[in-house]
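Colleague: Hi! Could you walk me through this one while I have it up on the screen?
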Amino acid sequence: MEDMRDAMLVGRNSAGKRVLRPTSPHVQVYRWKITMAQSILHRATGIALGVGAVVLVAWLFAAASAPSVFAPVQAAIASPLGLLVLFGFTVSLFYHLAAGLRHLAWDTGWGFAIASVFVWVIGFFLV
């Protein structure tokens with residue numbers, strides 16, 4: 001074997017004979033499609049909502065605590081950066097909701113035509 005990559009492609013079948021493992025196509029092989037971008041964005045907004053939920057719990061915890069604990073948390077959220085984060089959280093919430101509804105529609109067998117994908121995108125940006 002010439003290098004480590006060749007060694008990683010070698011495997012054994014159920015009879016114990018050495019065989020070459022099939023390789024998966026690299027990311028560069030695929031052409032980007034709108035549905036791929038929507039799926040990645042749906043996952044990213046899900047992560048953002050998880051982080052935002054932690055911030056919300058921290059804010060609620062501070063509100064339930066003493067005013068001396070709540071004041072700096074409220075000041076951080078009311079700052080320009082905090083407002084930008086809240087705006088991003090709101091956009092993430094609405095996009096994730098719309099993408100979830102799209103997936104629900106797909107589960108029922110509706111909306112697989114490429115034209116309907118563009119309707120979801122246009123509808124999202126018009127709202």
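This is a predicted model: local features need pLDDT of at least 70, side-chain atom pairs count only at pLDDT 80 or more; totals for chains, interfaces and linings use all residues.
Colleague: Thanks! Is Ile114 buried or exposed?
Modeller: Ile114 counts as exposed, because its relative accessibility is 53% and the cut-off for exposed is over 50%.
Colleague: And how far apart are Ile114 and Ile34 in space?
Modeller: Their C-alpha atoms are 9.2 Å apart, although 80 residues separate the two in sequence.
Colleague: Let's step back a bit. How many helices and strands does the protein chain have?
Modeller: There are five helices and two strands. Starting at the N terminus, their order is α-β-β-α-α-α-α.
Colleague: What share of the residues counts as buried?
Modeller: The figure is 15% of the 127 residues in the protein chain.
Colleague: Okay, helix packing next. At what angle do H2 and H4 pack?
Modeller: The angle is about 130°, and the axes of the two helices are 9 Å apart. H2 is therefore oblique to H4. H2, by the way, spans residues 34–64.
Colleague: What about the handedness of that crossing, left or right?
Modeller: Left-handed, as H2 passes H4.
Colleague: While we're on H2, where does Val55 lie?
Modeller: Val55 is one of the residues of helix H2. With a relative accessible area of 40%, Val55 is partly exposed, since that class sits between the 20% limit for buried and the 50% limit for exposed.
Colleague: New topic: the surface. Which residues make the nonpolar patch?
Modeller: That patch is made by Leu81, Leu84, Val85, Phe87 and Val91, and its area is about 510 Å².
Colleague: Where is Val91 found?
Modeller: Val91 is found in helix H4, which runs over residues 80–107.

Conventions. Residues are numbered from 1 along each chain as its sequence is written. Side-chain values use heavy atoms; hydrogens and water are left out. Patches are made of residues with over 30% relative accessible area and no salt bridge: like charges are joined within 9 Å, nonpolar side chains (Val, Leu, Ile, Met, Phe, Trp, Tyr) within 5 Å. Accessible areas come from the Shrake-Rupley method with a 1.4 Å probe; for residues, only the protein chains shown count as cover. A salt bridge is a side-chain nitrogen of Lys or Arg within 4 Å of a carboxyl oxygen of Asp or Glu. Helices (H or I, at least four residues) and strands (E, at least two) are DSSP runs, numbered from the N terminus. Axes are lines fitted to C-alpha atoms, for helices over the stretch in contact, and angles run from 0 to 180 degrees between N-to-C directions. Angles under 35 degrees count as roughly parallel, over 145 as roughly antiparallel, 65 to 115 as roughly perpendicular and the rest as oblique. A crossing is left-handed if the near helix is turned anticlockwise from the far one by less than a right angle, and right-handed if clockwise. Buried means under 20% relative accessible area, exposed over 50%, partly exposed in between (1.4 Å probe, protein chains only).
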